[in-house]
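Visitor: Could we go through this one together? I would like to begin with the charged side chains.

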Amino acid sequence: MAVYTDITEDDLKRFLTEYDVGELTSYKGIAEGVENSNFLLHTTRDPLILTLYEKRVEKADLPFFLGLMQHLSAKGLSCPLPLPRRDGQLLGELSGRPAALISFLEGMWLRKPEARHCREVGRALAEMHLAGEGFEIVRPNALSLEGWKTLWAKSADRADEVETGLQDEVTAELEYLEAHWPKDLPAGVIHADLFQDNVFFLGDNLSGLIDFYFACNDLLAYDVAICLNAWCFEKDGSYNVTKGSAMLDGYASVRPLSPDEVAALPVLARGSALRFFLTRLYDWLTTPAGALVVKKDPLEYLRKLRFHRQVRSATEYGLSA
Ligand SMILES: Nc1ncnc2c1ncn2[C@@H]1O[C@H](COP(=O)(O)OP(=O)(O)OP(=O)(O)O)[C@@H](O)[C@H]1O
Ligand SMILES: N[C@@H](CCO)C(=O)O
């Protein structure tokens, strides 16, 4: 459960006096997510989400994240909107953490997505990429090559505790990615964490995207690779080419990938798998036993990485010729 910072009712009520949101009637911590502390608030008006920003979110980045949600929403993308305080600010402080109130998005995330849902996700990702155009704040991706090296330096010594041989394998992978990472592909604002728990559906219809707290400027096709990793593998570790094909078709129906982007997909998918392996590994090694959060398995992403290593061309992901 991701409630790292607890709040008291008195503090919350004081925090809410800064907003025009009605009276608080109830609140509870949300048991999902691993990054920030989230609470669901019921008021005499609309339900709201309260987010307290935790360790991996830099306060200096919050204007980017909150401003991006406003920008995307104004462009017609369905995503939560940060609510302004009476003084116009989007950010306040609660229990010693930066905190924001966000509109509640209707829908549920899918535990067992099918190919048709992957198509919707591909389409929504491309719509987000187009809607991000013109957003003026820039945030380089803190979790690209340099960030991976920093994370790895903190975990490498203990990596073989998780699986023997990991230290050598990951060091070699980082060297490969550094030598082969594409540089001249189309770039823009990417979501960078569009996993199943960040896409809401109402029935079979995608109702919106949430959790923009890894969003940044990077290669658009890297975001596609993140989604292939997050959505198109089965629990047994196998890649589902039908889902991959649907995801890529959905994306291309809004924003066709260039031949260079297509050619780069295998290396981008390796990088994306390594990124989630590294954050999971770091959390695995550092989260204290008994913390109220469900740790995610780093080895799931190591297996995906090994799969991508033997992919020779993007057609293996299901790309139509
Ligand atoms: N705007 C919203 N509307 C409705 N529910 C929301 C909203 N924002 C967050 N939630 C709920 O809170 C949960 C956790 O939110 P979120 O994914 O932003 O947290 P996180 O800690 O950043 O998680 P992650 O592990 O995905 O990075 C979501 O799965 C959803 O149930
Ligand atoms: N989506 C990430 C967690 C949030 O960064 C993962 O599954 O590792």
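This is a predicted model: local features need pLDDT of at least 70, side-chain atom pairs count only at pLDDT 80 or more; totals for chains, interfaces and linings use all residues.

Visitor: Is Lys243 buried or exposed?

Guide: Lys243 is buried, because its relative accessible area is 9% and the cut-off for that class is under 20%.

Visitor: How many salt bridges does the whole structure have?

Guide: A search of the whole structure gives 24 salt bridges. One of them pairs the side chains of Glu120 and Arg123, at 2.9 Å from N to O.

Visitor: Where do Glu120 and Arg123 lie?

Guide: Both belong to helix H3, residues 115-131, and they are 3 residues apart, about one turn of the helix. Glu120 is partly exposed at 23% relative accessibility, and Arg123 is partly exposed at 28%.

Visitor: Which residue does Glu163 form a salt bridge with?

Guide: Its partner is Arg306, and the closest N and O atoms are 2.9 Å apart. This pair links distant parts of the chain, 143 residues apart: Glu163 sits in the loop between helix H4 (145-155) and helix H5 (166-180), while Arg306 is in helix H9 (residues 298-309). Glu163 and Arg306 also belong to a network of salt bridges that includes Glu169, Glu173, Arg270 and Arg309.

Visitor: Changing topic: what is the place of Asp218?

Guide: Asp218 is in strand E9, residues 216-219. This residue is buried yet has no salt bridge.

Visitor: Which side chain of opposite charge is nearest to Asp218?

Guide: That is Arg275, 9.1 Å away; a salt bridge requires the atoms to be within 4 Å. The side chain of Asp218 does make a polar contact with the side chain of Asn141, at 2.9 Å. Leaving aside residues up to four places away in sequence, Asp218 touches Ser144, Ala187, Gly188 and Ile190 as well as Asn141.

Visitor: And the ligand: which residues come nearest to ligand 1?

Guide: Of the 18 residues around ligand 1, the nearest are Val34, Glu35, Ser103, Leu105 and Asp211. A backbone N or O atom of Leu105 is 2.8 Å from a nitrogen atom of ligand 1. On the oxygen side, a polar side-chain atom of Asp211 lies 2.9 Å from an oxygen atom of ligand 1, and an N or O atom in the side chain of Asn198 is 3.1 Å from an oxygen atom of ligand 1.

Visitor: How much of ligand 1 does the protein bury?

Guide: Taken alone, ligand 1 exposes 620 Å², and the protein buries 92% of that.

Key. Residues are numbered from 1 along each chain as its sequence is written. Chains are lettered from A and ligands numbered from 1 in the order in which they are written. Side-chain values use heavy atoms; hydrogens and water are left out. Helices (H or I, at least four residues) and strands (E, at least two) are DSSP runs, numbered from the N terminus. Buried means under 20% relative accessible area, exposed over 50%, partly exposed in between (1.4 Å probe, protein chains only). Lys and Arg count as positive and Asp and Glu as negative; His and the chain ends are not counted. A polar contact is a pair of N or O atoms within 3.5 Å; within protein, one must be able to donate a hydrogen and the other to accept it, and residues adjacent in sequence count only if both atoms are side-chain atoms. Contact means heavy atoms within 4.5 Å. A residue is near a molecule or strand if one of its heavy atoms lies within 4 Å of it. Accessible areas come from the Shrake-Rupley method with a 1.4 Å probe; for residues, only the protein chains shown count as cover.
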